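Please write a short briefing on this structure for someone new to reading protein models. Sort the points by topic.

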Amino acid sequence: MAINRKVQTLDEFTIQQLRNFPNATGELSGLLRDIGLAAKRVNVEVNKAGLVDILGDAGTINVQGEAVKKLDVYANDQFAGVLQHGISCAGIASEELDEILVFDDEISNNSKYVCLFDPLDGSSNIDVNVAIGTIFSVLPRVTPKGTPVTAADFLQKGIKQIAAGYVIYGSSTILVYATRRGVNGFTLDPSIGEFTLSHPDIQCPPTGKIYSVNHGNYFQYQQAVQQYISACQQKNEATGGPYTQRYIGSMVSDIHRNLIKGGIFMYPSITNRPEGKLRLLYECNPFAFIVEIAGGKATDGNRRILEIQPKAIHEHTPFFVGSKNMMEELEGYLK
Ligand code: P6P
């Protein structure tokens with residue numbers, strides 16, 4: 001019987017990538033496999049979240065007599081757990097943790113990487129069945145191998161990322177990750193419980209007709225942003241305007257759609273949040289890395305996101321990301 005070798009699982013893909021770099025240690029492949037495993041566990045819980053009321057809401061005791069955790073805490077524990085018990089990560093930063101989590105055991109202290117997560121972004125959308133996701137970033141540690149990692153290992157510019165990715169728990173569950181070699185997407189095949197390559201070598205179309213922004217904040221945006229939004233709504237032979245507005249309030253879904261179809265996503269600074277809402281280290285840096293590798297651009301309105309020197313783990317930044325030509329059109333207004 002012919003073996004179906006067309007379908008390539010995430011593990012097979014990362015191992016094949018490893019074969020292309022014989023002197024690689026395999027730690028990154030191992031780390032991505034660990035993330036894929038945690039994502040499958042989170043996927044199970046997210047998919048039954050709508051049933052939580054039947055199974056007991058967060059803070060109650062479920063039928064197994066276990067305390068039901070908030071899903072974002074559960075997700076954080078899954079990713080922290082697989083990485084702490086793996087061999088490829090020395091510590092993590094997480095939207096769910098005030099401070100970095102240093103694994104500080106002999107194996108972990110000799111690992112090459114640290115990971116940064118938003119374990120379950122947009123979790124407030126769960127009870128209305130809007131897709132939510134996990135966002136992750138992988139940095140090389142900069143402090144001496146063999147010692148516990150410190151904040152310095154996490155407070156690095158996004159340009160230093162080795163890999164970055166996201167998982168969308170939606171109509172299907174997809175894991176997309178980027179290294180400098182490209183961006184690839186893997187869809188979870190429930191029949192075998194494996195992520196399988198479904199979106200090889202993702203390229204962000206240089207232009208598109210989708211703009212994503214929260215119009216409710218319009219009168220809090222700086223004038224240049226308001227002018228660009230107005231331009232998106234007007235007929236324009238050169239740019240193909242008017243564009244379509246699409247915004248579901250879950251950045252993993254909004255940016256994934258724009259990455260595939262072409263488009264621009266904006267979370268500008270607003271009057272009462274001049275530093276913006278989104279987090280630099282584990283929301284904007286990963287997406288900036290992914291979209292740039294796919295051919296797009298990402299800025300804070302002035303600077304390339306990946307060149308920003310972080311000062312704090314949970315710092316915010318205004319965020320503009322998407323198709324190259326649409327970003328350059330926006331930059332024309334911001335200058
Ligand atoms: P707003 C979800 O809470 C999130 O962090 C992102 O996923 C999303 O893009 C943004 O906030 C939505 O924020 O203020 O438009 O509701």
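Predicted model: local features only at pLDDT ≥ 70, side-chain atom pairs only at ≥ 80, totals over all residues.

Strand E1 (residues 89-94) and strand E2 are joined by two bridges and run antiparallel. Across this pairing, Gly-91 stands opposite Val-102 in E2.

**The eight-strand sheet**

- E1 and E2 belong to an open sheet of eight strands, whose order is E2-E1-E3-E4-E5-E6-E7-E8 and whose pairing is mixed.
- The edge strands of this sheet are E2 (101-102) and E8, and each of them pairs on one side only.
- Strands of a sheet pair through backbone hydrogen bonds, in either a parallel or an antiparallel way.
- In a regular strand the side chains alternate between the two faces of the sheet.

- Strand E7 (residues 182-189) pairs with strand E8 (residues 194-199) in the antiparallel sense, over five bridges.
- One of the residues in this pairing is Gly-185, whose bridge partner in E8 is His-199.
- The two strands form a hairpin, with four residues between E7 and E8.
- Gly-193, in the turn, has a positive phi of about 65°.

**The five-strand sheet**

- Another open sheet has five strands in the order E10-E9-E11-E13-E12, and its pairing is mixed.
- Strands E10 (244-245) and E12 (297-299) stand at the edges with a single partner strand each, so one side of each has no neighbour in the sheet.
- Strand E9 (residues 210-212) runs parallel to E10, and two bridges join them.
- In this pair, Tyr-211 stands opposite Gln-245 in E10.
- Helix H8 (residues 280-293) lies across E12 and E13 (319-322), and runs at about 25° to E13.
- Helix H9 (residues 324-334) lies across E9, E11 (264-267), E12 and E13, and runs at about 35° to E12.

**The ligand site**

- The residues around the ligand are Asp-121, Gly-122, Asn-214, Tyr-247, Gly-249, Ser-250, Met-251, Phe-265, Tyr-267, Lys-277 and Leu-278.
- By class, five residues of this shell are nonpolar, four are polar and two are charged.
- An oxygen atom of the ligand lies 2.9 Å from a polar side-chain atom of Asn-214.
- At Met-251, a polar backbone atom is 2.8 Å from an oxygen atom of the ligand.
- At Lys-277, an N or O atom in the side chain is 3.0 Å from an oxygen atom of the ligand.
- On its own the ligand has 400 Å² of accessible area, and the protein covers 79% of this.

**Two backbone details**

- The peptide bond from Gly-241 to Pro-242 is cis, and its omega is near 0°.
- Pro-242 is in the loop between helix H6 (223-232) and E10.
- Asp-104 has a phi near 45°, which is a positive value in a residue other than glycine.
- The place of Asp-104 is the loop between E2 and helix H5 (106-109).

Technical notes. Residues numbered from 1 in each chain as written. Heavy atoms only, no water. Pairing = 2+ DSSP bridges. Near = heavy atom within 4 Å. Polar contact = N/O pair within 3.5 Å; in protein donor to acceptor, adjacent residues only side chain to side chain. Areas by Shrake-Rupley, 256 points an atom, 1.4 Å probe, with all protein chains shown as cover. Nonpolar A, V, L, I, M, F, W, Y, C, P; charged D, E, K, R; others polar. Contact = heavy atoms within 4.5 Å. Axes fitted to C-alpha atoms, helices over the stretch in contact; angles between N-to-C directions.
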